[in-house]
Amino acid sequence: MTSLRPPASAPREYRFPEFAHHRLDNGMGVWLVPLPERELVSIHLLTDAGAATETEAQAGVASLTAKLLVTGTQRLDAGAFAETTERLGIEVGSESSWDSARAGFTALGSKLEDGLALLAEMVRTPRLDAGEFDRLRGERLNDILQSRADPGRLADESFLREVFAADEPYGRLSGGSPETIEALAVDDVRAFHAANYAPDAADLVIAGAIDADGALAAVERHLGSWTGTAPGHRHFRPAQRGGRRVVLVDRPGSVQSELRVGHLGIDRHDPRYFPAFVMAALLGGVFGSRLNLRLREELGYTYGARCSFDPRRAVGPFTATAAVQTEVTVDAIRELLGQLERMRTDPPDEAELATVRDYLVGVFPLRFETTGGIAGAIEPLAVYDLPSDWWQNYRHNLESVGTDDVHRAALELVRPDEALVLLTGDADRLRGELEAAELGPVEVIPAP
Amino acid sequence: MAHVPIQRHLLDNGLRVILSPDPRAPLVAVNLWYDVGSKHEKPGKTGFAHLFEHMMFQGSANVEKGQHFSLVQAAGGTLNASTWLDRTNYFETLPGHELELALWLESDRMASLLPAMTQEKLDNQRDVVKNERRWSVDNQPYGDWDERIQALTYPEGHPYHHSTIGSMEDLTAASLHDVGEFFATYYAPNNAVLTVAGDFTPDDALRMIERYFGPIPANDELPPPPDMTVDPILGTPVRELVRDTVPLPRIYLAHRIPPFGTDAFDALDVAADVLGAGRASRLYASLVREQRVAQDASVFAFPIVGGAAMFAVWVTARPGVAPEKLEAATIAEIDRLASDGPTEADLERVNNLHAAHAAGTLERISERADRLSMYTCLFDDPERINTEVSRWQAVDAGRVRDALSASMRPENRVTLTYVPAKEAAA
């Protein structure tokens with residue numbers, strides 16, 4: 001049947017854009033990606049001020065600090081800062097993850113100088129106003145309240161809590177939990193900012209319509225006189241909570257069960273990074289993956305099933321995900337676990353592997369269509385200190401993954417016997433069936 | 001703003017073709033808009049246009065089930081489709097040297113979907129779509145808001161009265177016969193626009209398009225468009241209260257407004273951003289930052305073309321804030337803008353945000369192709385992509401004031417309020 005498929009013409013070569021890496025005297029890294037054909041410029045300021053730099057007693061302070069940055073500077077209050085930036089067509093974002101905090105924006109290239117000046121002012125001399133702190137802390141608590149009514153977000157949060165051993169930092173959301181957030185005061189945010197936002201812990205990425213020399217001079221003007229040093233992040237060695245078990249988070253009235261099945265995965269520097277990435281794509285990363293084909297296209301149990309690793313500085317989770325209709329929950333869990341097992345016992349042949357590998361290799365230029373996409377691609381180089389030829393070698397590294405590598409990755413990194421099966425759903429309808437299914441010890445817990 | 005190049009062609013079978021070459025990246029986007037959406041559905045067939053879209057990925061005469069996805073992805077491409085009130089679109093973005101693959105796949109299903117249809121495939125995708133509905137509507141806090149708001153804003157029998165996802169009962173009732181009839185009626189070249197954008201040679205592309213799409217026969221009996229006539233305003237305030245398992249009250253306000261494509265719609269699109277885009281927007285500044293009665297605030301003018309479009313505002317209450325108080329505070333801001341109009345600073349702000357946003361959208365060839373298809377399908381005018389920003393900038397304070405005053409009236413307002421079923425949760 002494929003005989004009618006038209007042949008491809010000759011491919012055009014594509015390379016990841018050239019970029020330059022500098023270091024200012026104050027220790028800040030500067031990454032410049034000039035893209036002369038673009039209209040836009042994306043600026044990302046990365047700081048080692050993610051959740052890995054806060055203490056557990058203050059969980060959430062990193063996230064609140066990042067979010068509070070956009071509420072003004074010592075010169076401009078929250079309203080004036082919003083007005084000043086947005087009148088330039090700039091919407092400044094600021095957020096944090098486990099491994100970094102990021103402030104930045106995408107704007108027309110002509111706004112580079114003004115935007116950079118405001119971004120530098122925001123990070124160096126933020127207002128950190130008590131009233132705005134109270135407001136954002138309240139909004140964060142409300143967002144957690146809202147998220148726990150959303151079955152998918154409730155399942156995500158619950159999975160982390162249950163899959164990591166007790167007291168592991170990764171067992172919570174990087175934004176903190178209500179208990180620790182409520183205890184935070186504006187002085188905690190001020191102290192966190194003073195300690196962790198410093199040039200020797202920061203990297204600035206600029207990609208787009210810039211002239212490299214001019215941009216570097218502008219960076220010197222606005223951030224060259226920034227001083228200070230930061231202590232850097234904590235080091236984790238995450239441990240898993242236990243072997244195979246089933247945890248049902250009761251959500252009465254649910255018409256679907258949100259499944260999260262998995263265990264610990266890999267960290268960002270794992271030598272198996274590429275085989276793991278290809279294996280996860282084949283199992284649950286593309287439309288034609290094994291999980292999606294079986295649970296969606298054959299059984300119709302779900303709108304979509306997928307899986308992925310979440311590699312961080314330390315070992316993050318491996319999770320398979322699907323929202324399945326309540327009536328088929330137990331069978332869907334069996335099928336999902338069955339596909340994890342099959343990944344170990346039934347490795348792909350060259351044809352199956354090629355479909356996925358060719359996708360990951362071929363889609364490479366598409367990931368870098370936008371200035372934001374290119375600036376984002378520089379981030380892991382800065383945050384994880386990856387080699388500067390990472391993207392030059394990226395497609396070759398994918399192409400080098402063979403069926404044996406995928407199989408080995410599956411045997412080492414997919415362990416259904418140790419998987420936590422977490423689901424949100426209606427306990428009245430599911431408890432008995434789950435217990436009878438002998439998938440592992442069943443625990444039913446209320447939603448928080 | 002960079003000028004988007006446009007070449008228009010018309011095949012003998014009525015297929016409108018838009019070519020927009022751009023060699024910057026070695027990528028090509030193929031985008032098809034079919035002039036059929038949920039507004040074309042008959043009574044008892046809600047959700048069918050969307051279910052049909054799923055069937056378009058189940059194979060055709062020369063393509064097996066799943067192969068559309070696997071061939072495009074193995075070529076290093078991405079793809080998807082979506083259905084909305086007015087239209088259904090299908091799109092692929094691939095390395096430029098695989099253009100012919102996308103054209104062949106799209107033409108094969110336009111020419112010959114039905115030989116591949118089976119009851120088993122329909123049953124499978126019906127289950128998938130029902131799970132899509134459960135996931136996005138039934139199991140989601142506030143998930144049925146658009147279904148409710150459409151039903152309240154447009155009268156029974158109006159094509160916008162029902163939502164695109166449709167009802168479970170109607171999905172259950174969909175048959176293979178319906179698939180055949182829908183395909184024969186709407187999936188014809190003279191009911192579609194094909195856009196190719198990115199790295200390709202127009203002459204080569206046109207030759208391929210002629211080869212693959214040229215032989216597909218037109219439907220000479222396209223049905224007349226559905227009657228979209230509706231009073232420009234509701235005439236009387238409409239309210240609905242929903243007690244649901246939501247943690248915080250949320251209020252949705254909806255108004256009938258002039259359709260997408262009119263000058264008044266442009267003015268209201270600007271008004272939506274003055275009210276709701278960014279942290280300096282009126283609603284964010286007043287309700288979220290200063291009064292602290294809202295957790296968030298959003299405003300959206302639905303770009304739909306039939307009869308009347310819709311201007312929607314939604315705000316979530318902070319704990320302890322009565323919905324009545326939040327509603328009054330929200331309406332006060334809308335009324336203030338309607339009576340005083342935006343300031344020069346408001347207009348400068350939203351125009352600059354919009355210009356940056358428009359440039360960001362057009363950075364992606366897939367978005368460029370989609371907009372070209374949209375403007376051609378809805379207005380037969382792809383050049384609108386190049387006048388979008390200037391149309392916005394032409395909107396002055398008087399037009400915003402006039403358009404808001406005409407539409408943001410109590411007798412033209414639907415108020416849908418969700419409150420926690422358990423009062424304690426509020």
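Predicted model: local features only at pLDDT ≥ 70, side-chain atom pairs only at ≥ 80, totals over all residues.
Where they touch, domain 1 of chain A contributes 34 residues and domain 2 of chain A contributes 36 residues. Together the two domains of chain A bury about 2,800 Å², and 65% of that area lies on carbon and sulfur atoms. On the domain 1 side, Asp99(A), Phe159(A) and Glu162(A) account for 23% of the area buried against domain 2 of chain A, more than any other three residues.

Asp99(A) also takes part in a salt bridge, with Arg313(A) as its partner and 3.6 Å between the closest N and O atoms. Between domain 1 of chain A and domain 2 of chain A there are 5 salt bridges, and 12 residue pairs are in polar contact, both residues at pLDDT 80 or more. The elements giving two or more residues to the domain 1 side include strand S2 (29-34), strand S3 (40-47) and helix H5 (151-163) of chain A. H5(A) has the largest share of that side, with 11 residues. Sorted by class, the side of domain 1 of chain A that touches domain 2 of chain A holds 19 nonpolar, 7 polar and 8 charged residues.

Now turn to the contact between the chains. Chain B brings 75 residues to it and chain A brings 72 residues. The two chains bury about 6,300 Å² between them, with 54% of it on carbon and sulfur atoms. In chain B, the residues that lose the most area to chain A are His97(B), Asn139(B) and Glu363(B), which together make up 11% of what that side buries.

Across the interface of chain B and chain A there are 7 salt bridges. Arg349(B) and Glu86(A) form a salt bridge in which the closest N and O atoms are 2.5 Å apart. The polar contacts between chain B and chain A come to 36 residue pairs, both residues at pLDDT 80 or more. Several elements of chain B give two or more residues to the side that touches chain A, among them helix H3 (99-112), helix H4 (119-138), helix H12 (344-363) and helix H13 (365-379). H12(B) gives the most, with 10 residues. By class, the side of chain B that touches chain A consists of 32 nonpolar, 24 polar and 19 charged residues.

Technical notes: Residues numbered from 1 in each chain as written. Chains lettered and ligands numbered in written order. Heavy atoms only, no water. Contact = heavy atoms within 4.5 Å. Buried area = accessible area lost by both parts, 1.4 Å probe. Salt bridge = Lys/Arg side-chain N within 4 Å of Asp/Glu carboxyl O. Polar contact = N/O pair within 3.5 Å; in protein donor to acceptor, adjacent residues only side chain to side chain. Helix = DSSP H or I, 4+ residues; strand = E, 2+ residues; numbered from the N terminus. Nonpolar A, V, L, I, M, F, W, Y, C, P; charged D, E, K, R; others polar.
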